[in-house]
Amino acid sequence: MKRVAWVYHPDFLLHAPPFEHPESPERLVAITDHLGGVGLIERMVPVTPEYPEDADILSVHDREYLNRLENACRRGDLTLDSEDTYLNRHSFNIALLSAGGAIAGAKAVAEGTVDRAFCAVRPPGHHAGRAVGMGFCLLNNAAIAARYLQARHGVGKVLIVDWDVHHGNGTQNIFLEDPTVFFFSIHEHPTFLYPGTGRRWEIGKGKGEGATLNAPMAPGAGDAEFRTTFEQTLEPAVERFRPEIILVSAGFDAHRDDPLADLQVTEEGFRFMTRHVIALADRYCRGKVVSILEGGYETSSLTSCIELHVRELLGE
């Protein structure tokens, strides 16, 4: 059995919506209750995140943006930059702690104390840009973890696999001109779903041209389409890029029961994607995988998919 870090902090629950909202602490409560109930948490290595150093956050986000986010929380603002991205008085600190969770998982894998990591963090991150919060996201956890690995552990090339049903526009924009971070996103087609980006012709820019790969799926697509895309599109790209570690922006809202999208992925689809990423990691980067929670808003499918995801990470 593989050693898998369980990255979690009870303070993640303090970021709570001031109005009805799909991204709520109850998501994480359901995940911890379910994984605990089936005996998986006790089989993982507990890792408690700490608040990150400024330099790690500033490697991705502008100081002015961080000041704006902190001040908005202090004033009691209910949202930041867009109506769907809520705040409460804890949000700035918990966003930092969430980024610290992604860093903690990355550190544990990079230092070899675990083989893989699952970071049960929130708020999610993949829509957050360098100077903007959007799509429920305040700080880009995956991007911060990638930069942390490069700056603190000498990692040269990082692959980010984003299978959240919404395109990871924030992550794409942060690394748009960077050839050292390959960003792959599979998501519902932007014609039909937020945030309206992630078309096939978005391939990166300048030195980063070719290091962005988008696979938009038509409404109704499911396990078969995802399998084909992983095998025929992602796999050869990874072979060319040859990453040193793989980060997963692990959203589970492409599930057929999720209320925010129109894809038809099942639990078996998420099992396949997890297995495929692990196989690629085994082939190119000594099995190093850091999974970071993004979306997923239907409790039953969210918890069942994450259970299978964690079982695969454990190597069951």
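This is a predicted model: local features need pLDDT of at least 70, side-chain atom pairs count only at pLDDT 80 or more; totals for chains, interfaces and linings use all residues.
1. Start with the open sheet of eight strands, which pair in parallel and follow the order 2-1-5-10-9-6-7-8. Strand 2 (45–47) and strand 8 (212–217) sit at the edges, and each has a single partner strand, so one side of each has no neighbour in the sheet. Going from one strand to the next, the twist averages 15°.

2. Is strand 10 (residues 289–293) enclosed or open? Five of its five residues are buried, so the rest of the structure largely encloses it. As background, side chains in a regular strand alternate between the two faces of the sheet. Here, Val289, Ser291 and Leu293 point one way, while Val290 and Ile292 point the other way, and all are buried.

3. **Who pairs with strand 10?** On one side, strand 5 (residues 116–119) runs parallel to strand 10 and is joined to it by four bridges. Look for phenylalanine 118, which stands opposite serine 291. Strand 9 (residues 245–250) also pairs with strand 10 in the parallel sense, this time over five bridges. There, leucine 247 has valine 290 as its bridge partner.

4. **One step further along.** Strand 9 is also joined to strand 6 (residues 158–162), by five bridges, and these two run parallel.

5. Helix 8 (residues 267–284) lies across strand 5, strand 6, strand 9 and strand 10, and runs at about 165° to strand 9.

6. **A helix pair worth a look.** How do helix 1 (residues 25–37) and helix 9 (residues 299–314) pack? Their axes are 9 Å apart, at an angle of about 50°, which means helix 1 is oblique to helix 9. The crossing of helix 1 with helix 9 is right-handed.

7. **What the two helices bring to the contact.** From helix 1 come Arg27, Ala30, Ile31, His34 and Leu35. They meet residues of helix 9 including Thr299, Leu302, Ile306, Glu307 and Val310. Sorted by type, the residues of this contact are six nonpolar, four polar and two charged.

Methods:
Residues are numbered from 1 along each chain as its sequence is written. Side-chain values use heavy atoms; hydrogens and water are left out. Axes are lines fitted to C-alpha atoms, for helices over the stretch in contact, and angles run from 0 to 180 degrees between N-to-C directions. Angles under 35 degrees count as roughly parallel, over 145 as roughly antiparallel, 65 to 115 as roughly perpendicular and the rest as oblique. A crossing is left-handed if the near helix is turned anticlockwise from the far one by less than a right angle, and right-handed if clockwise. Contact means heavy atoms within 4.5 Å. Ala, Val, Leu, Ile, Met, Phe, Trp, Tyr, Cys and Pro count as nonpolar, Asp, Glu, Lys and Arg as charged, and the others, Gly among them, as polar. Buried means under 20% relative accessible area, exposed over 50%, partly exposed in between (1.4 Å probe, protein chains only). Two strands pair if DSSP finds at least two bridges between them.
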